[in-house]
Amino acid sequence: MQRSGNPRVSVVVPTRNEARNLEVVLPAIAAVRPAVHEVIVVDGNSVDGTIDVARRVLPWVRVITQTRKGKGNAMACGFAAVTGDIVVMFDADGSADPAEIPAFVRALIAGADFAKGSRFVRGGGSDDITLLRKSGNAGLNGVANALFGTSYTDLCYGYNAFWIDILPTLDLPDIHLPAPAEGMLWGDGFEIETVLNCRVAASGLKITEVPSMERERIFGQSNLRTFADGTRVLRTLAAERRRAQHHRSERVKLEESSRALTPPGGFPVITPDMLAADGTDVATVLRPGLRTASAQFGAGANGSASNGSAANGSGNGHLGTGSAAGALAGGPAGSAGTATDSSPNGTQHGTGHGTNGAAAIDQHDVPRIPVRRPGGEV
């Protein structure tokens, strides 16, 4: 995705019985200039008419119902529905100021991947935080910064924004998975904000903190529980640290395997087995236009893309992965293959051998394989 200097901004608002607050919050978001692209209200089975109020006060609002329970699931459902370039996470209780949205957007346009709201940098503040919660937050910041090498000043604040193209990196639970018989899936609950902060940091993405002023909730009572929520954040930090260490170990193995298979001067080789070992879903490395019902990899003999077809329609895609010449590795001999559209569903069939690393199928129909090197570049 190419990031625009004039991005479309999508605001995701998770709700559960926030009808009275939405009467104030939604018109305020709509009044922001430059205007936002869309407002998505994700409802968690409210019983106070939240959905009706949302549609009444903002007729163009998009309302969806979350698939499971928990704030994390609500946010994931909202992210999946976004059609804009930038996502703004916005609480429905009136504690966040919509007038700050342009500041988050400017931080992203200036080069950040993730804009993190902070009440504790110059220009920020809070009308709602207690001394106990402030002290606890400072302690949790210290733990997070020690574990992930970050410089967060406000780990537990939920007013954040990010480019939609980093969503796969966040690796949130699939919104279509069934709810477990007991409890919730990891990432479905209030731990979502800590999970996001940890995964953004572990991925090496650029984070910019944006000053933010927290207001008091307008109507209703807060669901925050100081000690219980603090303990949950600590558990989340520990779990995400273990996850980051595991992924780092797998990436090192992947890089070592890739280097062993890559011929001098050739393209980095990553086989399906290597992707599976790294926990990468093959579908996530295909460009959007080629994502189909399934994708399979077949090894071409001596690098030939004899089984090298990539579905551009609704069928299956097959990509040759020869080791000496052909679709992925490239090779020193052979003529470039040709591509023909020979089936009703738009399947592109590549034939022939690669020349000096050229793909035997059209270069636009091969998957984009991310290869992380020691410096972190792709």
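Reply: The model is a predicted one. Helices here are DSSP runs of H or I with at least four residues, numbered from the N terminus. By that numbering, Asn197 lies in helix α7, which spans residues 192-202.

Me: Is Asn197 buried or exposed?

Reply: A residue counts as buried under 20% relative accessible area. Asn197 has a value of 0% and is therefore buried. Leaving aside residues up to four places away in sequence, Asn197 touches Phe114, Lys116, Tyr152, Leu155 and Asn160.

Me: How does one describe two packed helices?

Reply: One gives the angle between their axes and the distance between the axes. For α1 (residues 19-30) and α2 (residues 50-57), the angle is about 25 degrees and the axes are 9 Å apart. Angles under 35 degrees count as roughly parallel, so α1 and α2 are roughly parallel to each other. Their crossing is right-handed.

Me: Which residues of α1 and α2 meet?

Reply: Ala19, Leu22, Glu23, Leu26 and Pro27 of α1 meet Thr50, Val53, Ala54, Arg56 and Val57 of α2. By class, this contact has seven nonpolar, one polar and two charged residues.

Me: What is the strand order of the open sheet?

Reply: Its seven strands follow the order β3-β2-β1-β4-β7-β5-β8, with mixed pairing. The edge strands, β3 (62-65) and β8 (207-211), each pair on one side only. Within the sheet, β1 (residues 9-15) and β4 (residues 86-89) run parallel and are joined by four bridges. Val11 has Val88 in β4 as its bridge partner. Helix α2 packs on the sheet, touching β1, β2 (38-43) and β3, and its direction makes about 165 degrees with that of β3.

Definitions and conventions: Residues are numbered from 1 along each chain as its sequence is written. This is a predicted model: local features need pLDDT of at least 70, side-chain atom pairs count only at pLDDT 80 or more; totals for chains, interfaces and linings use all residues. Side-chain values use heavy atoms; hydrogens and water are left out. Axes are lines fitted to C-alpha atoms, for helices over the stretch in contact, and angles run from 0 to 180 degrees between N-to-C directions. Helices (H or I, at least four residues) and strands (E, at least two) are DSSP runs, numbered from the N terminus. Angles under 35 degrees count as roughly parallel, over 145 as roughly antiparallel, 65 to 115 as roughly perpendicular and the rest as oblique. A crossing is left-handed if the near helix is turned anticlockwise from the far one by less than a right angle, and right-handed if clockwise. Contact means heavy atoms within 4.5 Å. Ala, Val, Leu, Ile, Met, Phe, Trp, Tyr, Cys and Pro count as nonpolar, Asp, Glu, Lys and Arg as charged, and the others, Gly among them, as polar. Buried means under 20% relative accessible area, exposed over 50%, partly exposed in between (1.4 Å probe, protein chains only). Two strands pair if DSSP finds at least two bridges between them.
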